[in-house]
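My entries follow the order in which I looked things up.

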Amino acid sequence: MKEYNADFHMHSKYSGGSSDAMVLPEIARQAVLKGLDLVGTSDATNPNWLEHLEEHLTMDGDGAYAIKGYKTKFIVTTEIEDSYRVHHLILLPTIDAAKELRRKLSPHSVDIDREGRPHIQLAGEKLAEFTADVGGMLGPSHAFTPWTAVYKEYRTLAECYGGMLHHVKYLELGLSADTDMADRIGELQELTFMSNSDCHSPSPHRLGREFNRVLMKNPGFDEVRQAIERHGGRRFTLNAGLNPREGKYHLTACSRCFTKFMMTDAVNLRWRCPECGGIIKKGVADRISELASFSEVRHPKHRPPYIHSLPLAECIALVLGIKTLTSGRVQEMWHRFVEACGSEISALIDAPVEDLKAVDIGVAGVIDRFRRDRLDYVAGGGGQYGRPTLTGEKDEFYGIGQKKLGDF
Ligand SMILES: [Zn+2]
Ligand SMILES: [Zn+2]
(Lines give C-alpha, C1' and ligand atoms only; values in the text may rest on other atoms or scores of the structure.)
(Ligands and ions follow the chains in the order given, each with its own letter.)
Protein backbone atom coordinates (compact mmCIF):
# COMPACT_ATOMS: atom_id res chain seq x y z
CA MET A 1 0.00 0.00 0.00
CA LYS A 2 1.01 3.58 -0.57
CA GLU A 3 -0.01 7.05 0.61
CA TYR A 4 -1.80 9.25 -1.93
CA ASN A 5 -2.55 12.96 -1.60
CA ALA A 6 -6.17 13.53 -2.56
CA ASP A 7 -8.56 16.47 -2.95
CA PHE A 8 -12.10 15.19 -3.50
CA HIS A 9 -14.06 18.42 -3.87
CA MET A 10 -13.75 21.31 -6.32
CA HIS A 11 -15.89 22.82 -9.06
CA SER A 12 -15.69 22.73 -12.84
CA LYS A 13 -16.08 25.74 -15.10
CA TYR A 14 -19.81 24.91 -15.21
CA SER A 15 -20.32 25.89 -11.55
CA GLY A 16 -21.24 29.46 -10.67
CA GLY A 17 -18.20 31.62 -9.93
CA SER A 18 -15.71 29.09 -11.30
CA SER A 19 -12.70 29.90 -13.43
CA ASP A 20 -12.77 28.97 -17.16
CA ALA A 21 -9.48 27.20 -16.48
CA MET A 22 -11.33 24.52 -14.48
CA VAL A 23 -10.98 21.87 -17.20
CA LEU A 24 -9.40 18.44 -16.74
CA PRO A 25 -6.02 18.87 -18.49
CA GLU A 26 -5.33 22.11 -16.62
CA ILE A 27 -6.46 20.64 -13.27
CA ALA A 28 -4.23 17.60 -13.92
CA ARG A 29 -1.24 19.78 -14.81
CA GLN A 30 -1.59 21.94 -11.70
CA ALA A 31 -2.23 18.88 -9.51
CA VAL A 32 1.21 17.52 -10.44
CA LEU A 33 2.88 20.78 -9.34
CA LYS A 34 0.78 20.84 -6.20
CA GLY A 35 1.61 17.23 -5.35
CA LEU A 36 -1.92 15.83 -5.55
CA ASP A 37 -2.10 12.23 -6.82
CA LEU A 38 -5.87 11.99 -6.87
CA VAL A 39 -8.49 14.64 -7.62
CA GLY A 40 -12.30 14.60 -7.63
CA THR A 41 -13.82 15.38 -11.04
CA SER A 42 -16.61 17.35 -9.33
CA ASP A 43 -19.85 18.41 -11.03
CA ALA A 44 -20.45 14.90 -12.44
CA THR A 45 -24.18 15.37 -13.04
CA ASN A 46 -23.68 18.28 -15.44
CA PRO A 47 -24.24 17.07 -19.05
CA ASN A 48 -21.50 19.24 -20.63
CA TRP A 49 -19.02 18.26 -17.96
CA LEU A 50 -19.94 14.57 -18.35
CA GLU A 51 -19.10 14.87 -22.03
CA HIS A 52 -15.76 16.46 -21.07
CA LEU A 53 -15.07 13.63 -18.60
CA GLU A 54 -15.77 10.97 -21.23
CA GLU A 55 -13.56 12.74 -23.72
CA HIS A 56 -10.53 12.91 -21.38
CA LEU A 57 -10.75 10.03 -18.89
CA THR A 58 -10.15 6.32 -19.33
CA MET A 59 -10.23 3.73 -16.58
CA ASP A 60 -6.84 2.16 -15.95
CA GLY A 61 -6.21 -1.40 -14.75
CA ASP A 62 -6.58 -0.35 -11.09
CA GLY A 63 -10.07 1.09 -11.45
CA ALA A 64 -8.81 4.69 -11.30
CA TYR A 65 -9.54 7.23 -14.03
CA ALA A 66 -6.43 8.34 -15.89
CA ILE A 67 -5.85 11.29 -18.20
CA LYS A 68 -3.41 11.35 -21.10
CA GLY A 69 -0.12 13.13 -20.46
CA TYR A 70 -0.30 13.45 -16.65
CA LYS A 71 0.10 11.04 -13.75
CA THR A 72 -2.85 12.62 -11.89
CA LYS A 73 -5.77 10.23 -11.31
CA PHE A 74 -9.42 11.19 -11.01
CA ILE A 75 -12.36 9.89 -9.01
CA VAL A 76 -15.91 10.78 -10.06
CA THR A 77 -17.47 13.20 -7.56
CA THR A 78 -20.19 15.79 -7.37
CA GLU A 79 -21.83 18.16 -4.92
CA ILE A 80 -25.57 18.66 -4.63
CA GLU A 81 -27.73 21.21 -2.83
CA ASP A 82 -30.90 19.70 -1.34
CA SER A 83 -34.32 21.22 -0.76
CA TYR A 84 -33.16 22.65 2.60
CA ARG A 85 -30.09 24.29 1.05
CA VAL A 86 -27.82 21.66 2.62
CA HIS A 87 -24.81 20.59 0.53
CA HIS A 88 -23.76 16.95 0.13
CA LEU A 89 -20.53 15.59 -1.33
CA ILE A 90 -20.98 12.44 -3.44
CA LEU A 91 -18.32 9.94 -4.58
CA LEU A 92 -19.20 7.63 -7.48
CA PRO A 93 -17.60 4.45 -8.84
CA THR A 94 -17.86 5.32 -12.54
CA ILE A 95 -18.96 7.90 -15.09
CA ASP A 96 -21.88 5.58 -15.91
CA ALA A 97 -22.98 5.69 -12.26
CA ALA A 98 -22.94 9.50 -12.51
CA LYS A 99 -25.17 9.32 -15.58
CA GLU A 100 -27.57 7.04 -13.76
CA LEU A 101 -27.67 9.35 -10.74
CA ARG A 102 -28.32 12.23 -13.12
CA ARG A 103 -31.33 10.38 -14.58
CA LYS A 104 -32.76 9.82 -11.09
CA LEU A 105 -32.24 13.44 -10.00
CA SER A 106 -33.34 15.22 -13.19
CA PRO A 107 -37.10 15.13 -12.51
CA HIS A 108 -36.41 16.90 -9.17
CA SER A 109 -34.25 19.72 -10.48
CA VAL A 110 -34.73 22.76 -12.71
CA ASP A 111 -31.02 23.55 -13.11
CA ILE A 112 -29.25 20.18 -13.39
CA ASP A 113 -28.66 20.75 -17.13
CA ARG A 114 -26.77 23.98 -16.65
CA GLU A 115 -25.37 24.02 -13.08
CA GLY A 116 -22.27 22.18 -11.90
CA ARG A 117 -23.71 22.00 -8.42
CA PRO A 118 -27.45 21.54 -9.02
CA HIS A 119 -30.34 22.27 -6.66
CA ILE A 120 -32.39 19.13 -6.11
CA GLN A 121 -35.86 19.33 -4.59
CA LEU A 122 -35.30 16.34 -2.32
CA ALA A 123 -34.19 15.98 1.30
CA GLY A 124 -30.86 14.45 2.41
CA GLU A 125 -32.35 11.03 3.12
CA LYS A 126 -33.66 10.60 -0.44
CA LEU A 127 -30.37 11.84 -1.94
CA ALA A 128 -28.48 9.29 0.16
CA GLU A 129 -30.86 6.59 -1.07
CA PHE A 130 -30.40 7.50 -4.75
CA THR A 131 -26.62 7.63 -4.28
CA ALA A 132 -26.60 4.19 -2.63
CA ASP A 133 -28.75 2.85 -5.52
CA VAL A 134 -26.00 3.69 -8.01
CA GLY A 135 -23.20 2.34 -5.79
CA GLY A 136 -21.90 5.71 -4.58
CA MET A 137 -21.16 7.30 -1.21
CA LEU A 138 -22.53 10.51 0.27
CA GLY A 139 -21.65 12.74 3.22
CA PRO A 140 -22.17 16.36 4.28
CA SER A 141 -20.02 19.04 2.58
CA HIS A 142 -18.31 21.74 4.70
CA ALA A 143 -20.57 20.55 7.51
CA PHE A 144 -20.42 23.59 9.79
CA THR A 145 -20.69 26.65 7.54
CA PRO A 146 -23.65 28.89 8.35
CA TRP A 147 -25.42 29.14 4.94
CA THR A 148 -25.50 25.78 3.16
CA ALA A 149 -24.46 23.02 5.54
CA VAL A 150 -26.04 20.22 7.53
CA TYR A 151 -25.46 21.80 10.96
CA LYS A 152 -26.98 25.16 10.03
CA GLU A 153 -30.22 23.25 9.41
CA TYR A 154 -30.14 20.36 11.89
CA ARG A 155 -28.80 19.53 15.34
CA THR A 156 -27.94 15.93 14.40
CA LEU A 157 -27.05 14.04 11.23
CA ALA A 158 -29.97 11.67 11.90
CA GLU A 159 -32.42 14.58 11.42
CA CYS A 160 -30.98 15.04 7.93
CA TYR A 161 -30.34 11.48 6.78
CA GLY A 162 -33.06 9.56 8.68
CA GLY A 163 -33.08 5.86 7.81
CA MET A 164 -30.05 6.33 5.51
CA LEU A 165 -27.73 7.52 8.30
CA HIS A 166 -25.85 4.20 8.29
CA HIS A 167 -24.84 4.96 4.70
CA VAL A 168 -23.02 8.18 5.71
CA LYS A 169 -19.36 7.29 6.40
CA TYR A 170 -17.59 10.63 6.02
CA LEU A 171 -17.99 14.29 6.72
CA GLU A 172 -16.17 17.17 5.05
CA LEU A 173 -14.79 19.58 7.66
CA GLY A 174 -14.73 22.64 5.42
CA LEU A 175 -12.33 25.56 5.54
CA SER A 176 -13.71 26.89 8.85
CA ALA A 177 -13.32 23.72 10.93
CA ASP A 178 -10.71 21.11 11.84
CA THR A 179 -10.56 17.78 13.68
CA ASP A 180 -10.14 19.43 17.08
CA MET A 181 -13.42 21.27 16.60
CA ALA A 182 -15.38 18.38 15.08
CA ASP A 183 -14.17 15.86 17.68
CA ARG A 184 -16.18 17.63 20.35
CA ILE A 185 -19.34 16.24 18.72
CA GLY A 186 -20.14 12.70 19.87
CA GLU A 187 -22.04 11.54 16.79
CA LEU A 188 -19.00 12.14 14.55
CA GLN A 189 -16.55 9.83 16.34
CA GLU A 190 -16.94 6.93 13.90
CA LEU A 191 -16.89 9.03 10.72
CA THR A 192 -13.83 9.66 8.57
CA PHE A 193 -13.15 13.38 8.21
CA MET A 194 -12.29 14.81 4.82
CA SER A 195 -10.39 18.02 4.23
CA ASN A 196 -10.96 19.20 0.64
CA SER A 197 -10.33 22.50 -1.13
CA ASP A 198 -13.80 23.16 -2.62
CA CYS A 199 -11.83 25.34 -5.04
CA HIS A 200 -13.15 27.21 -8.09
CA SER A 201 -9.74 27.80 -9.69
CA PRO A 202 -6.82 25.45 -10.46
CA SER A 203 -4.13 27.79 -9.07
CA PRO A 204 -1.92 25.95 -6.56
CA HIS A 205 -2.99 28.32 -3.78
CA ARG A 206 -6.58 27.12 -4.32
CA LEU A 207 -6.37 23.53 -5.62
CA GLY A 208 -5.47 21.27 -2.69
CA ARG A 209 -5.39 24.17 -0.20
CA GLU A 210 -6.98 21.46 1.95
CA PHE A 211 -6.22 17.81 1.14
CA ASN A 212 -6.21 14.30 2.57
CA ARG A 213 -3.45 11.71 2.66
CA VAL A 214 -4.90 8.25 2.06
CA LEU A 215 -3.17 4.90 2.56
CA MET A 216 -4.47 2.38 0.00
CA LYS A 217 -3.43 0.07 -2.82
CA ASN A 218 -4.35 2.31 -5.73
CA PRO A 219 -6.22 5.59 -6.19
CA GLY A 220 -9.49 4.05 -7.44
CA PHE A 221 -13.03 4.40 -6.06
CA ASP A 222 -13.12 0.98 -4.41
CA GLU A 223 -9.88 1.59 -2.52
CA VAL A 224 -11.04 5.07 -1.47
CA ARG A 225 -14.27 3.57 -0.17
CA GLN A 226 -12.34 1.01 1.87
CA ALA A 227 -10.04 3.73 3.23
CA ILE A 228 -13.07 5.77 4.31
CA GLU A 229 -14.50 2.66 6.00
CA ARG A 230 -11.03 1.74 7.37
CA HIS A 231 -10.94 -1.76 5.91
CA GLY A 232 -7.84 -3.98 5.70
CA GLY A 233 -5.39 -1.34 6.92
CA ARG A 234 -6.54 1.25 4.40
CA ARG A 235 -7.22 4.62 6.02
CA PHE A 236 -6.84 8.37 5.95
CA THR A 237 -3.44 9.12 7.50
CA LEU A 238 -3.48 12.93 7.43
CA ASN A 239 -5.85 15.85 7.09
CA ALA A 240 -4.16 19.07 6.02
CA GLY A 241 -5.70 22.44 5.50
CA LEU A 242 -6.13 26.00 6.54
CA ASN A 243 -6.21 26.87 10.19
CA PRO A 244 -9.95 27.25 10.94
CA ARG A 245 -9.16 30.77 12.10
CA GLU A 246 -8.57 31.58 8.41
CA GLY A 247 -12.09 30.44 7.47
CA LYS A 248 -14.49 33.24 6.58
CA TYR A 249 -17.11 32.06 9.08
CA HIS A 250 -14.89 31.08 12.00
CA LEU A 251 -16.05 33.70 14.52
CA THR A 252 -19.49 35.23 14.99
CA ALA A 253 -19.40 38.51 13.05
CA CYS A 254 -21.42 41.05 11.07
CA SER A 255 -21.91 39.89 7.48
CA ARG A 256 -21.72 43.50 6.24
CA CYS A 257 -18.96 45.28 8.20
CA PHE A 258 -17.30 42.12 9.67
CA THR A 259 -17.23 43.44 13.24
CA LYS A 260 -16.76 40.41 15.53
CA PHE A 261 -19.05 39.61 18.45
CA MET A 262 -19.04 37.33 21.45
CA MET A 263 -21.94 34.88 21.14
CA THR A 264 -23.75 36.26 24.23
CA ASP A 265 -23.56 39.80 22.82
CA ALA A 266 -24.87 38.66 19.42
CA VAL A 267 -27.89 37.07 21.13
CA ASN A 268 -28.55 40.21 23.19
CA LEU A 269 -28.31 42.33 20.03
CA ARG A 270 -30.80 39.98 18.31
CA TRP A 271 -28.23 39.31 15.57
CA ARG A 272 -28.29 42.94 14.34
CA CYS A 273 -25.00 44.81 14.10
CA PRO A 274 -25.11 48.06 16.14
CA GLU A 275 -22.29 49.47 13.97
CA CYS A 276 -23.98 49.19 10.56
CA GLY A 277 -27.35 47.44 10.95
CA GLY A 278 -26.11 44.34 9.08
CA ILE A 279 -27.01 40.78 10.01
CA ILE A 280 -24.66 39.07 12.47
CA LYS A 281 -23.78 35.56 11.33
CA LYS A 282 -23.06 32.85 13.89
CA GLY A 283 -19.49 31.60 13.56
CA VAL A 284 -18.47 27.97 13.20
CA ALA A 285 -16.60 28.05 16.54
CA ASP A 286 -19.74 29.15 18.39
CA ARG A 287 -21.94 26.72 16.45
CA ILE A 288 -19.68 23.83 17.42
CA SER A 289 -19.78 24.88 21.07
CA GLU A 290 -23.58 24.71 20.88
CA LEU A 291 -23.50 21.24 19.34
CA ALA A 292 -20.64 19.90 21.46
CA SER A 293 -21.20 16.75 23.47
CA PHE A 294 -17.78 17.07 25.14
CA SER A 295 -16.26 20.18 26.72
CA GLU A 296 -12.80 18.98 25.65
CA VAL A 297 -11.52 17.48 22.38
CA ARG A 298 -11.83 13.68 22.24
CA HIS A 299 -10.06 12.19 19.26
CA PRO A 300 -11.05 8.60 18.56
CA LYS A 301 -8.11 6.22 18.07
CA HIS A 302 -8.48 6.15 14.29
CA ARG A 303 -8.34 9.94 13.83
CA PRO A 304 -5.26 11.02 11.84
CA PRO A 305 -3.31 14.18 12.69
CA TYR A 306 -4.39 17.52 11.23
CA ILE A 307 -1.71 19.91 9.95
CA HIS A 308 -2.75 23.56 9.74
CA SER A 309 -0.97 24.43 6.52
CA LEU A 310 -0.88 27.49 4.31
CA PRO A 311 -0.66 27.61 0.52
CA LEU A 312 3.01 28.06 -0.41
CA ALA A 313 2.34 31.29 -2.33
CA GLU A 314 0.73 32.70 0.83
CA CYS A 315 3.76 31.78 2.95
CA ILE A 316 6.01 33.54 0.44
CA ALA A 317 3.77 36.63 0.13
CA LEU A 318 3.59 36.86 3.92
CA VAL A 319 7.36 36.84 4.27
CA LEU A 320 7.95 39.24 1.34
CA GLY A 321 5.16 41.55 2.54
CA ILE A 322 3.44 41.37 -0.87
CA LYS A 323 -0.37 41.19 -1.15
CA THR A 324 -0.74 39.74 -4.67
CA LEU A 325 -0.01 36.02 -4.84
CA THR A 326 0.43 36.20 -8.63
CA SER A 327 3.18 38.82 -8.41
CA GLY A 328 6.41 37.95 -10.21
CA ARG A 329 8.58 37.77 -7.06
CA VAL A 330 6.14 35.42 -5.30
CA GLN A 331 5.85 33.18 -8.37
CA GLU A 332 9.59 33.09 -8.95
CA MET A 333 10.25 31.87 -5.40
CA TRP A 334 7.29 29.45 -5.59
CA HIS A 335 8.92 27.79 -8.61
CA ARG A 336 12.24 27.53 -6.81
CA PHE A 337 10.61 25.73 -3.86
CA VAL A 338 8.67 23.35 -6.12
CA GLU A 339 11.83 22.60 -8.10
CA ALA A 340 13.83 21.91 -4.92
CA CYS A 341 11.16 19.78 -3.21
CA GLY A 342 9.34 18.14 -6.14
CA SER A 343 5.92 19.62 -5.41
CA GLU A 344 4.18 22.23 -3.26
CA ILE A 345 2.79 19.65 -0.81
CA SER A 346 6.20 18.12 -0.38
CA ALA A 347 7.60 21.58 0.48
CA LEU A 348 4.76 22.34 2.88
CA ILE A 349 4.51 19.00 4.68
CA ASP A 350 7.44 16.65 4.05
CA ALA A 351 10.72 18.32 3.10
CA PRO A 352 13.31 18.72 5.89
CA VAL A 353 13.44 22.33 7.15
CA GLU A 354 17.16 22.41 6.25
CA ASP A 355 16.26 21.86 2.58
CA LEU A 356 13.67 24.63 2.74
CA LYS A 357 16.21 26.99 4.32
CA ALA A 358 18.47 26.48 1.33
CA VAL A 359 15.76 28.11 -0.81
CA ASP A 360 14.64 30.84 1.60
CA ILE A 361 15.16 31.13 5.35
CA GLY A 362 12.11 33.33 6.04
CA VAL A 363 9.65 31.05 4.22
CA ALA A 364 11.27 27.98 5.79
CA GLY A 365 10.59 29.62 9.17
CA VAL A 366 6.87 30.10 8.40
CA ILE A 367 6.51 26.48 7.21
CA ASP A 368 8.36 25.23 10.29
CA ARG A 369 6.02 27.29 12.51
CA PHE A 370 2.77 25.98 11.03
CA ARG A 371 4.08 22.42 11.06
CA ARG A 372 4.54 22.86 14.84
CA ASP A 373 1.21 24.75 15.10
CA ARG A 374 2.99 27.90 16.24
CA LEU A 375 1.74 30.40 13.64
CA ASP A 376 -0.54 33.31 14.72
CA TYR A 377 -3.75 34.28 12.93
CA VAL A 378 -6.30 37.07 12.88
CA ALA A 379 -9.54 35.09 12.67
CA GLY A 380 -12.18 35.41 9.94
CA GLY A 381 -15.92 35.89 10.44
CA GLY A 382 -19.11 37.12 8.79
CA GLY A 383 -17.81 36.17 5.32
CA GLN A 384 -14.37 37.77 5.64
CA TYR A 385 -11.38 35.40 5.51
CA GLY A 386 -8.96 35.32 8.42
CA ARG A 387 -5.22 35.59 7.79
CA PRO A 388 -1.91 34.56 9.27
CA THR A 389 0.18 37.26 10.88
CA LEU A 390 3.82 37.56 11.79
CA THR A 391 3.33 40.66 13.94
CA GLY A 392 1.23 39.26 16.80
CA GLU A 393 -1.99 41.21 16.04
CA LYS A 394 -5.06 40.10 18.00
CA ASP A 395 -8.70 39.60 17.04
CA GLU A 396 -10.70 42.68 17.94
CA PHE A 397 -14.24 42.20 19.21
CA TYR A 398 -17.09 44.66 19.50
CA GLY A 399 -17.98 44.95 23.17
CA ILE A 400 -21.21 46.40 24.56
CA GLY A 401 -20.32 49.97 25.52
CA GLN A 402 -16.65 49.58 24.62
CA LYS A 403 -14.26 48.01 22.17
CA LYS A 404 -12.38 45.16 23.79
CA LEU A 405 -9.77 42.66 22.75
CA GLY A 406 -10.66 39.00 22.49
CA ASP A 407 -8.87 36.70 24.87
CA PHE A 408 -7.64 34.37 22.13
ZN1 LIG B 1 -20.86 23.43 -1.03
ZN1 LIG C 1 -21.99 45.62 10.79
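In which loop does Asn218 lie? I found Asn218 in the loop between β10 (211-216) and α8 (221-228); helices (H or I, at least four residues) and strands (E, at least two) are DSSP runs, numbered from the N terminus.

I note that this is a predicted model, in which local features need pLDDT of at least 70 and side-chain atom pairs count only at pLDDT 80 or more, while totals for chains, interfaces and linings use all residues. Residues are numbered from 1 along each chain as its sequence is written, chains are lettered from A and ligands numbered from 1 in the order in which they are written, and side-chain values use heavy atoms, with hydrogens and water left out.

**Entry: Asn218.** Leaving aside residues up to four places away in sequence, Asn218 touches Tyr4, Asp62 and Glu223, a contact being heavy atoms within 4.5 Å.

**Entry: the largest pocket.** I first recorded the terms. On a 1 Å grid over the protein atoms alone, a cavity is a set of points where a 1.4 Å probe fits but cannot get out, and a pocket is an open set with protein on both sides within 12 Å along at least five of seven lines; lining residues have an atom within 4 Å of a point. Grid points are joined across faces, edges and corners, and a volume is the space filled by probe spheres set on the points.

The largest pocket has a volume of about 650 Å³. I found 21 residues in its lining, and Glu314, Lys323, Gly386, Arg387 and Pro388 lie nearest its centre. At least two lining residues come from each of α11 (312-320) and β17 (387-389). Why does this pocket lie between domain 1 (2-245) and domain 2 (311-371)? It lies there because both domains give residues to its lining; the domain bounds come from an automatic or database domain assignment.

**Entry: α11.** I then followed α11 itself. Its buried residues are Leu312, Ala313, Cys315, Ile316 and Ala317. Among the elements that cover them are α12 (328-341), α13 (344-350) and α15 (361-371). Just after α11, Gly321 takes a positive phi of about 70 degrees.

**Entry: the second largest pocket.** The volume here is about 450 Å³. Its lining holds 21 residues, with His142, Thr145, Asp198, Lys248 and Tyr385 nearest the centre.

**Entry: cavities.** How many cavities of 30 Å³ or more does a search of the whole structure find? I recorded 2. The largest cavity holds about 60 Å³ of space. Its lining includes Leu191, Phe193, Arg230, Phe236 and His302. The elements that give two or more residues to this lining are β9 (192-194) and β11 (235-241), and β11 gives the most, with 3 residues.

The second largest cavity holds about 30 Å³ of space. Among its lining residues are Lys34, Phe211, Pro311, Ile345 and Leu348. Domain 1 (2-245) and domain 2 (311-371) each supply at least three residues of this lining.

Notes:
Buried < 20%, exposed > 50% of the residue type's maximum accessible area, 1.4 Å probe, protein only.
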